[in-house]
Amino acid sequence: MSRIERAFQKGKTFIGFITAGDPCLEKTTEFILEMERAGADIVEIGIPFSDPVAEGEVIQAANIRALSAGTTVPKIFELVADLRQKTDMPLAFMTYLNPVFHYGYEAFFKKCKDVQIGGIIIPDLPFEESGEVREYAEKYGIDLILLVAPTSEERAGKIAEASRGFVYVVSSMGITGVRSEIKTNLEAIVKTIKSATGTPVAVGFGISTPEQAAGIAGFADGVIVGSAIVKIIAEHGNDAGEYIYEYIKSIRTELEK
């Protein structure tokens with residue numbers, strides 16, 4: 001069992017997302033440690049990319065800020081290596097395929113192993129074309145975490161069976177972003193996935209309030225929050241640490257009721 005999958009054995013799992021280098025790499029380290037202190041079980045580290053097709057305006061803006069600050073993949077690997085001196089919490093990369101391909105599959109996944117990245121999520125990697133990436137992920141012991149969308153339907157079971165670490169269920173069609181209401185029949189989707197695999201299931205895209213998180217945790221193994229955290233960083237910049245802590249603490253408290 002991988003480090004990421006083990007994180008789900010503690011109970012309802014909270015997974016937070018942050019864009020590396022927003023507003024700078026030093027603050028990314030600080031913010032991730034604040035997320036852990038507040039009760040995050042896993043953190044997804046977004047690798048900034050110039051064309052993040054699955055992202056809403058909040059995370060798109062974070063990508064621009066990070067790239068403008070000079071964030072690169074080698075610098076992000078250095079950041080994770082430094083983090084590993086301070087924490088052993090499970091970490092995963094959220095990235096598009098282009099940065100991985102450009103770095104080189106072999107070199108990228110070897111470096112992930114070296115700095116103890118546990119998993120990777122690639123939103124623009126089609127399931128049917130994931131074989132080559134999976135080969136290197138398995139070679140270096142990195143969980144390739146796959147996404148199941150509301151439109152996956154009959155493919156949901158196959159995707160779930162192939163996913164490692166956890167299955168990432170996308171709550172709504174469209175791009176990432178805070179949503180006041182999630183209308184997808186997520187409980188039915190999660191039930192279908194659980195009938196196909198024993199791998200934990202986490203739901204993301206649009207979750208922003210403690211109440212939404214608690215509702216989804218009623219039938220899923222974990223919840224993923226991204227845009228709401230990135231929005232806090234956009235609002236408070238270098239001073240966002242305490243606000244991130246308080247926000248995640250409020251969700252963690254709700255999940256433990």
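The model is a predicted one. Nine strands form an open sheet with parallel pairing, and the largest nonpolar core has 69 residues.

**The sheet**

- The strands of the open sheet follow the order β5-β4-β3-β2-β1-β9-β8-β7-β6.
- The edges are taken by β5 (143–145) and β6 (147–148). Each of these two has a single partner strand, so one side of each has no neighbour in the sheet.
- Helix α11, residues 227–236, packs on the sheet and touches β1 and β9 (222–225). The direction of α11 makes about 45° with that of β1.

- Strand β3 covers residues 91–94. Leu91 and Phe93 point one way from β3, while Ala92 and Met94 point the other way. All four of these residues are buried.
- Strand β2, residues 42–46, runs parallel to β3 and is joined to it by four bridges. Isoleucine 45 has phenylalanine 93 of β3 as its bridge partner.
- β3 also pairs with β4 in the parallel sense, over three bridges. Here methionine 94 stands opposite isoleucine 121 of β4.

**The nonpolar cores**

- Within the core of 69 residues, those with the most contacts are Ile45, Phe93, Phe108 and Phe109.
- A second, separate core has 19 residues, including Ala7, Phe17, Ala202 and Ile224.

**Helices α6 and α7**

- How are two packed helices described? The description uses the angle between their axes and the distance between the axes.
- For α6 and helix α7 (residues 131–139), the angle is about 35° and the axes are 9 Å apart. The crossing of these two helices is right-handed.
- On the α6 side, the contact is made by Tyr105, Glu106 and Phe109. On the α7 side, Glu132, Val133, Tyr136, Ala137 and Lys139 take part.
- The residues of this contact divide into five nonpolar and three charged, with no polar ones.
- Phe109 of α6 is part of this contact and is also among the residues with the most contacts inside the largest core.

**Backbone details in loops**

- The peptide bond from aspartate 22 to proline 23 is cis, and its omega is near 0°. Proline 23 is found in the loop between β1 (13–19) and α2 (25–38).
- Glutamine 116 has a positive phi, near 65°, and is a residue other than glycine. Glutamine 116 has its place in the loop between α6 (105–114) and β4 (119–121).
- Phenylalanine 205 is not a glycine either, yet its phi is positive, at about 80°. Phenylalanine 205 lies in the loop between β8 (201–204) and α10 (210–217).
- Why does phenylalanine 205 count as buried? The cut-off for buried is under 20% relative accessible area, and phenylalanine 205 has 9% relative accessibility, so it counts as buried.

Notes:
Residues are numbered from 1 along each chain as its sequence is written. This is a predicted model: local features need pLDDT of at least 70, side-chain atom pairs count only at pLDDT 80 or more; totals for chains, interfaces and linings use all residues. Side-chain values use heavy atoms; hydrogens and water are left out. A nonpolar core is a set of buried Ala, Val, Leu, Ile, Met, Phe, Trp, Tyr and Cys residues joined through side-chain atoms within 4.5 Å. Buried means under 20% relative accessible area, exposed over 50%, partly exposed in between (1.4 Å probe, protein chains only). Axes are lines fitted to C-alpha atoms, for helices over the stretch in contact, and angles run from 0 to 180 degrees between N-to-C directions. A crossing is left-handed if the near helix is turned anticlockwise from the far one by less than a right angle, and right-handed if clockwise. Contact means heavy atoms within 4.5 Å. Ala, Val, Leu, Ile, Met, Phe, Trp, Tyr, Cys and Pro count as nonpolar, Asp, Glu, Lys and Arg as charged, and the others, Gly among them, as polar. Two strands pair if DSSP finds at least two bridges between them.
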